[in-house]
Amino acid sequence: MTEFRKSALAVHTAPAPIDPWSRLVCQDDGPLVLAALESNAAVGPWVVVDVDSGTATVGRKLTPIADGHLRADGSGLLLTYRGLTPVSVIPKPLVGTSRGAGLGTG
Amino acid sequence: MLDLGSGVAVVSRWFRPTSKLINTVTGEVLRRLPAEPPFFLLPTATGRARLWALGSGAVFTLDERTWHTVSREEAPRGLAACRTPQGTVAVLGMVDIGHDESFGHALVRDVAPGGLLHKLRSPYAGLRLALLDDDLTEVASDKASWLWQILQDPDVRGAVRLTADNAGRVVLTTAQGLALVDSPSLRLLGQHRTSAWPVPWRRRPRAIYWSGERELTVLAWA
């Protein structure tokens, strides 16, 4: 049988707690995880967590994430409540303009 | 959402018979595709995209220049698929959404041993795990009744996701946790319950889930 190992990671998300409705997005082959922080489906803060070191960097202006893909180079494409949203997390979290069909707009 | 590369993604919602191909840079809707999610990209010749719409049970071959449909073929219906070195592993079959499962029944299903599980009627009874070749012909399949125990609500489609961990295992995630499946044999290797939907890394034997307002838990396996 396969052995599972669990390790809890306290994330210092100063502006708000992690949104339980938001899907986490993991970086391809990398240590980074992206999570939206609670914003009642409105635009709000989000966090990029380095799970190897435990450090967290807070970004601005993102809605909860339904789906997404974060590439090894730190660029990503997310499906959010406002549309398809390009992001980059290296060297710091940045959100591009949301376009197209989001979850909120069908 | 499935990123098709070259700045195009297919975006869709459950139970909608039409999906949209969207330019991810401009947001322009390139076309509507009469196909239901989830989508999975199959290998094909360059200049073409072969898109398996598991919800509709069809494979669309699209021209990557114009995004017009070149051909549409019948294919199995299912809930999720992923690529492994041995071929494509998929959860095939449909959930019986008309079956209104009582709370008590769900509870029994949740704790029942394998032998009894087969005697229970379940909205998930039609599901199976399968290994497919590039023509989507089934090479192997398994009833995987353990899968029922980690499914929660038949109305929630997109209830299962599959990822390969690049070490011969397929990672199956649902709102209830994670199961590891040996990819050539489709045998269950291990199960782990989580409080929230775990998200596995691509090509890595680990996953993460939300375990508290300000806490994440990393789950690793070997």
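Contact is taken here to mean heavy atoms within 4.5 Å. The structure is a predicted model, in which local features need pLDDT of at least 70 and side-chain atom pairs count only at pLDDT 80 or more, while totals for chains, interfaces and linings use all residues. Residues are numbered from 1 along each chain as its sequence is written, chains are lettered from A and ligands numbered from 1 in the order in which they are written, and side-chain values use heavy atoms, with hydrogens and water left out.

By the contact criterion, and with residues up to four places away in sequence not counted, B:Leu172 touches B:Val91, B:Trp146, B:Leu147, B:Ile150, B:Val160, B:Arg161, B:Leu162, B:Gly177, B:Leu178 and B:Ala179. B:Leu172 also belongs, with B:Val91 and B:Trp146, to the residues that touch the most other members of the largest nonpolar core, which holds 25 residues. A nonpolar core is a set of buried Ala, Val, Leu, Ile, Met, Phe, Trp, Tyr and Cys residues joined through side-chain atoms within 4.5 Å, where buried means under 20% relative accessible area, exposed over 50%, and partly exposed in between (1.4 Å probe, protein chains only). Two or more residues of this core come from each of strands 9 (78-84), 10 (87-92), 11 (128-132), 13 (161-164), 14 (169-174) and 15 (177-182) of chain B, and strand 9 of chain B gives the most, with three residues. Strands (E, at least two residues) are DSSP runs, numbered from the N terminus, as are helices (H or I, at least four). Apart from this core lies another, of 17 residues, among them A:Val11, A:Leu24, A:Val33 and B:Trp201.

In chain A, an open sheet of four strands has the order 2-3-4-5 with antiparallel pairing, and its edge strands, each pairing on one side only, are strand 2 (25-26) and strand 5 (56-62). Two strands are said to pair if DSSP finds at least two bridges between them. Five bridges link strand 3 (residues 32-36) of chain A with strand 4 (residues 44-50) of chain A in the antiparallel sense, and A:Ala36 stands opposite A:Trp46 in strand 4 of chain A. The loop between strand 2 and strand 3 of chain A holds A:Gly30, which is buried, with a relative accessible area of 5%. Not counting residues up to four places away in sequence, A:Gly30 touches B:Trp201, B:Arg204 and B:Arg206.

In chain B, strand 6 (residues 48-53) is mostly covered, five of its six residues being buried. Strand 6 of chain B pairs antiparallel with strand 5 (residues 39-42) of chain B over four bridges, and six bridges join strand 6 of chain B to strand 7 (residues 58-63) of chain B, again antiparallel. The hairpin of strands 5 and 6 of chain B has five residues between the strands, and there B:Gly47 takes a positive phi near 85°; in the hairpin of strands 6 and 7 of chain B, with four residues between the strands, B:Gly57 takes a positive phi near 70°. The bridge partner of B:Arg48 in strand 7 of chain B is B:Asp63.

B:Arg31, in strand 4 (residues 29-33) of chain B, is buried yet has no salt bridge, and the nearest side chain of opposite charge, B:Asp63, is 10 Å away. A salt bridge is a side-chain nitrogen of Lys or Arg within 4 Å of a carboxyl oxygen of Asp or Glu; Lys and Arg count as positive and Asp and Glu as negative, whereas His and the chain ends are not counted.
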